[in-house]
Amino acid sequence: MAEMGSKGVTAGKIASNVQKKLTRAQEKVLQKLGKADETKDEQFEQCVQNFNKQLTEGTRLQKDLRTYLASVKAMHEASKKLSECLQEVYEPEWPGRDEANKIAENNDLLWMDYHQKLVDQALLTMDTYLGQFPDIKSRIAKRGRKLVDYDSARHHYESLQTAKKKDEAKIAKAEEELIKAQKVFEEMNVDLQEELPSLWNSRVGFYVNTFQSIAGLEENFHKEMSKLNQNLNDVLVSLEKQHGSNTFTVKAQPSDSAPEKGNKSPSPPPDGSPAATPEIRVNHEPEPAGGASPGATIPKSPSQPAEASEVVGGAQEPGETAASEAASSSLPAVVVETFSATVNGAVEGSSGTGRLDLPPGFMFKVQAQHDYTATDTDELQLKAGDVVLVIPFQNPEEQDEGWLMGVKESDWNQHKDLEKCRGVFPENFTERVQ
């Protein structure tokens, strides 16, 4: 009989729960259709939004912290293998072998200590912080269900009161159920109204403590690691002094794909374009019989240094001297002749021609064949069709192979200010036009 009674109670609870779910579902449908009003609390809804945001941020922080710890562990393993490699190659008769081994042991211990402290002072605290969210989230959901129950009871009571044929017994029972539903809802609502703002405000202190712990641990770790690295460096310096005659010198190997340090390496223009192969113009006029005439320029062969020109016999004119010096300091030999002629023309025509409208030291014009996007502040941004006035570098040592200094003609005509407008650009993106 007890078993039957127990089963009966269980069945009754199941039926009651099913009925509650049906009633809630019906109430929600009526509210969505606008046939029943819904009790709303904007302040509480804002607290729920803050709660969800705080939970999302905390979950992300926990995930990223675990990733950081995994990286620390991976770095520890890599550092350990590197130390083991050094121990294996360090021959017994070399000085400092014991010190090197001791440094490797301390290195391993330092990594282990750093990882463990991160777990204790950051990850476990993170887990504790997030541990309070599931319960509160469950209570928020339960409050939502109790609010629906309260609205349902309220609507049922109101419908009985407005009915044409009133049943006082049903009205009294409905009122009793309404009071009960309201009490349950308000108890949960009051507790959450107090807890949610407090939890939201606690995030600031938690973030401060967490990141202070991480920053402090990382700072101490790197200080201690720096000492170990300095000790290892001292051991290796001692080894180098004993075997100084066998020192291995690392020399930079030139590579077509890797330019030397500090040099710019312009990207090649599209294949098959006119600018893919820069145009080279060399003076092929025959040398006069019996030697060069005074003031004549002699083109340099590829094997000679890239000087601008050599003057054979006679004195140079001022314009020739300036052209020769400027070209020799910044340009390849293949453009020397045109450069000299251009500068000489500028000097000779300064009394009344349009050369005064060109920038000082103007050499020749080029036109961009392709767009070029500047990657540094000292570079020109070029669009296909832009005309650039080429000028020499102020410091010849700053010129990198394949790059020219210039100012866009449009900028020069507008500003007449070299300091503001000039810049470097890749020669192979342009074609000479004058």
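Which residues are linked in a network of salt bridges?

Modeller: The network of salt bridges links D135, R139 and E195. This is a predicted model, in which local features need pLDDT of at least 70 and side-chain atom pairs count only at pLDDT 80 or more, while totals for chains, interfaces and linings use all residues. Residues are numbered from 1 along each chain as its sequence is written, and side-chain values use heavy atoms, leaving out hydrogens and water.

A salt bridge requires a side-chain nitrogen of Lys or Arg within 4 Å of a carboxyl oxygen of Asp or Glu; by this rule there are 12 salt bridges. One of them joins K117 to D113, with 3.3 Å from N to O. Because K117 and D113 are four residues apart in helix α3, about one helical turn separates them; helices (H or I, at least four residues) and strands (E, at least two) are DSSP runs, numbered from the N terminus. K117 is partly exposed, at 35% relative accessibility, and D113 is also partly exposed, with a relative accessible area of 35%. For these classes, buried means under 20% relative accessible area, exposed over 50%, and partly exposed in between (1.4 Å probe, protein chains only).

K365 and E409 form another salt bridge, at 2.8 Å from N to O. This pair links distant parts of the chain, with K365 in strand β1 (residues 364-368) and E409 in helix α8 (residues 409-415), 44 residues apart. K365 is buried because its relative accessible area is 15%, whereas E409, with 22%, is partly exposed.

In the salt bridge between R422 and E419, the N to O distance is 2.9 Å. R422 is partly exposed at 21% relative accessibility, while E419 is exposed, with a relative accessible area of 60%.

The aromatic side chains come next. Rings of Phe, Tyr and Trp (its six-membered ring) pair if their centres lie within 6.5 Å, with planes under 30 degrees apart counted as stacked, over 60 as edge-to-face and the rest as tilted. By this rule there are 10 aromatic pairs. Y114 and F221 make a stacked pair, 4.3 Å centre to centre with 15° between the planes. Since Y114 lies in helix α3 (residues 97-131) and F221 in helix α5, the pair ties together parts that are 107 residues apart in sequence. Both Y114 and F221 are buried. Elsewhere, ring pairs link F51, Y129, F133, F206 and Y207 into a cluster.
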